Amino acid sequence: MNEKTSRILLIFGAFLSGLVLFFGAIVFITGRVPSSVGSTAATVGGPFHLEDQSGKVVTERDMKGKPFLVFFGFTHCPDICPTTLFDMSQVLKQLGPDADRTGALFITVDPERDTQAVMKDYLSNFDPHLRGLTGDQASINQAIKEYRVYAKKVPLKDGDYTMDHTAVVYLMDKSGNFVAPFDLTKQSPEAAAAQLRKYM
Ligand SMILES: [Cu+2]
């Protein structure tokens, strides 16, 4: 495992333990397990105003009525992002025509390099249902904050930089409420597609 992979796993781990703590706190405070979304809905997801790879404005309102997946990353990512987008593509393919009844967003944490043109070129490698969102730094920061994503620029020795970021795929329901992290690594595309269909 290289340094980058272990760092990303660390961030993922931190996110999950944060989630566990969060649910734990709710159970502790209210004495009962929260009923599905309700309380988490307030914490993950919210308003955003970005543009997709074709220059079309996309906001949270455009996502209403369909369950959707959200993943934050960047096109220069060497492993986690391309792997995740490949896995998401497999699920979309598995859905067949039903893929039109869902949404799949890839939101950049690196708008400086990930311009609309870069996103368009990069996403041509994946399922066409995937929409790559970018915008100015302030708009990206807002989306990052709404989705409680961790993203940080890390300088490299050669003067270049990479990004540390949360590598969780979020499953959002028809109303834009957070359901759960969507696991693509431990289940088959068929199982993941079946899970997504339940929220259509
Ligand atoms: Cu990445």
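Modeller: Methionine 119 touches Gln53, Thr75, Phe106, Thr108, Asp114, Gly132, Leu133 and Thr134, if you skip residues up to four places away in sequence. Contact here means heavy atoms within 4.5 Å. This is a predicted model, where local features need pLDDT of at least 70, side-chain atom pairs count only at pLDDT 80 or more, and totals for chains, interfaces and linings use all residues. Residues are numbered from 1 along each chain as its sequence is written, and side-chain values use heavy atoms, with hydrogens and water left out.

Methionine 119 sits in helix 4, residues 116-123. Helices (H or I, at least four residues) and strands (E, at least two) are DSSP runs, numbered from the N terminus. With 0% relative accessibility, methionine 119 counts as buried; that word means under 20% relative accessible area, while exposed is over 50% and partly exposed lies in between (1.4 Å probe, protein chains only).

Step back to the chain for a moment. It has 6 helices and 9 strands, and 46% of its 200 residues count as buried. Take the contacts with a separation of 6 or more: 71% of them are between residues 24 or more positions apart.

What about the inside? The largest nonpolar core holds 51 residues, and Phe48, Val70, Phe71, Phe72, Met88, Tyr147 and Tyr170 have the most contacts inside it. Such a core is a set of buried Ala, Val, Leu, Ile, Met, Phe, Trp, Tyr and Cys residues joined through side-chain atoms within 4.5 Å. Helix 3 gives the largest share of this core, 7 residues. In soluble globular proteins, nonpolar side chains tend to be buried together. Phe48 also turns up beside threonine 59, which is in contact with Phe48 and His49 once neighbours within four places are left aside. Threonine 59 lies in strand 2, residues 57-59, and counts as buried at 6% relative accessibility.

Helix 3 has a crossing partner too. The axes of helix 3 (residues 80-95) and helix 6 (residues 189-197) come within 8 Å and cross at roughly 70 degrees. Axes are lines fitted to C-alpha atoms, for helices over the stretch in contact, with angles from 0 to 180 degrees between N-to-C directions. Helix 3 and helix 6 are therefore roughly perpendicular to each other (65 to 115 degrees; under 35 is roughly parallel, over 145 roughly antiparallel, and the rest oblique). The contact is made by Gln90, Val91, Gln94 and Leu95 of helix 3 with Pro189, Glu190, Ala192, Ala193, Leu196 and Arg197 of helix 6. Those residues split into 6 nonpolar, 2 polar and 2 charged. Ala, Val, Leu, Ile, Met, Phe, Trp, Tyr, Cys and Pro count as nonpolar, Asp, Glu, Lys and Arg as charged, and the others, Gly among them, as polar.

Now the loops. Glutamine 187, in the loop between strand 9 (178-181) and helix 6, touches Phe182, Ala192 and Gln195, again without residues up to four places away. At 22% relative accessibility, glutamine 187 counts as partly exposed. Proline 78, found between strand 3 (68-73) and helix 3, is partly exposed at 49%. Arginine 148, in the loop between helix 5 (137-146) and strand 6 (151-155), has a positive phi of about 50 degrees although it is not a glycine.
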